Amino acid sequence: MNKKEMHDFIKEKQPNICQISCYKDGKEVYSDEWNNYKKIDTCHVMSAAKSIVALLVGIALDKGFIKSIDQPVLDFFPEYKIKRGEKTIQQVTIKHLLTMTAPYKYKYEPWTKICSSDDWTISALDFLGGRKGLTGQFKYSTLGIHILTGIISKTSGLKVVDFANEFLFEPIGVEKHINYLAETAEEHKHFIMCKDPQKNIWFCDPKGIGSAGYGLCFSATDMAKIGQLCLDKGVHNGKQIVSSKWIEEMIKPNYRCGDEFRNMSYGYLWWIVDENKHIFAAIGNSGNVIYVNPSKNIVIAVTSYFKPTIFDRIDFIQKYIEPCISI
């Protein structure tokens, strides 16, 4: 398909796609926009934000703010008052959060309780642990991993958005971001479900700590730059932004998920799409994706406005987009 044919095909088959940016051999070879988005506009990329937080954790390790991902989470919050009878929380480490194997004391994520609190990190800690102990089971969490951005902020002395700007975004050519705080539940809901272009913002809690599980707004070009950084083992223009060792560890399969997660594996907040081909991806609700295929030296980034139950975006990328730019 030529560019116009591809544009029309995507408009018909995947109508909530806003932008696509594709890199091959380190250069952008295709980009396009839909739904009145411009190339510089940003979109709320949902859970793809988790994968960005994984990179920030790696940078915090490189800079010595965090000594090891095997450190217990409570090492960073000595002032936290443990609930009576709670023992498991003392054993939970950063690695448990990164691999989604941390235990939580809830069946469904407590959005109202955490998001209406003044300090999401402390509220998330209140739900960490439980009577079953460390089971090693995969429990996908969006709110619980807010503890990670809390740790980055506490150890670095910076707001997470400023940490990201200084050490990740601006060094690779991503526009500087600012915090965005929703004053009401209605404003929070509007932010998540809005279909309009966004600005360079990162949703944050009342303490100014960027949400770790969602809330980051990127253009497809921004996402492609992130993907290219990972493909290049943490190097951008000859400068090591994040250690190659961390990139290697980050995309190594830690847990093999079942049918619920399309039988993919999970690394450190990144999905491993194909273990044999070493294809990995950041994936967010509504089909927001950073897709990296090292064997073809390809990065494909897709932004999409809110539309629930989009489960075929990786399949669509592999069937239609990837072949067009692999030539």
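I take helices and strands here as DSSP runs, helices of at least four residues and strands of at least two, numbered from the N terminus. With that settled, I note that the model I am reading is a predicted one.

**Entry 1, Pro-15.** I looked up Pro-15 and found it in the loop between α1 (3–13) and β1 (17–24). Leaving aside residues up to four places away in sequence, I find Pro-15 touching Ile-10, Asn-35, Tyr-305 and Lys-307. I also checked Pro-15 against Leu-269: the two are 254 residues apart in sequence, and their C-alpha atoms are 27 Å apart in space.

**Entry 2, the sheet.** I then followed the strands, and traced an open sheet of eight, in the order β2-β1-β14-β13-β12-β11-β10-β9, with antiparallel pairing. Its edge strands are β2 (27–33) and β9 (255–256), each of which pairs on one side only. Looking at one pair in detail, I see that β13 (residues 288–293) and β14 (residues 298–304) run antiparallel and are joined by five bridges, and that Val-292 stands opposite Val-299 in β14. Helix α9 (residues 220–231) packs on this sheet, where I find it touching β1, β2, β12, β13 and β14, and its direction makes about 150° with that of β14. The helix α1, for its part, lies across β1 and β2 and runs at about 50° to β2.

How much space lies in the largest pocket? I record about 1,000 Å³ for it. Its lining is made up of 33 residues, and those nearest the centre are Ser-47, Tyr-140, Phe-261, Asn-285 and Phe-311. Sorting the lining by class, I get 17 nonpolar, ten polar and six charged residues. Both β12 (279–284) and α11 (313–325) supply at least two residues of this lining.

I count three cavities of 30 Å³ or more, and the largest cavity has a volume of about 50 Å³. Which residues line the largest cavity? Among them I list Tyr-37, Cys-43, His-44, Phe-191, Asp-196 and Tyr-305, and I recall that Tyr-305 is also one of the residues touched by Pro-15.

Key: Residues numbered from 1 in each chain as written. Predicted model: local features only at pLDDT ≥ 70, side-chain atom pairs only at ≥ 80, totals over all residues. Heavy atoms only, no water. 1 Å grid on protein atoms, 1.4 Å probe; cavity = no way out; pocket = protein on both sides within 12 Å on 5 of 7 lines; lining within 4 Å. Points joined across faces, edges and corners; volume = space filled by probe spheres on them. Nonpolar A, V, L, I, M, F, W, Y, C, P; charged D, E, K, R; others polar. Contact = heavy atoms within 4.5 Å. Pairing = 2+ DSSP bridges. Axes fitted to C-alpha atoms, helices over the stretch in contact; angles between N-to-C directions.
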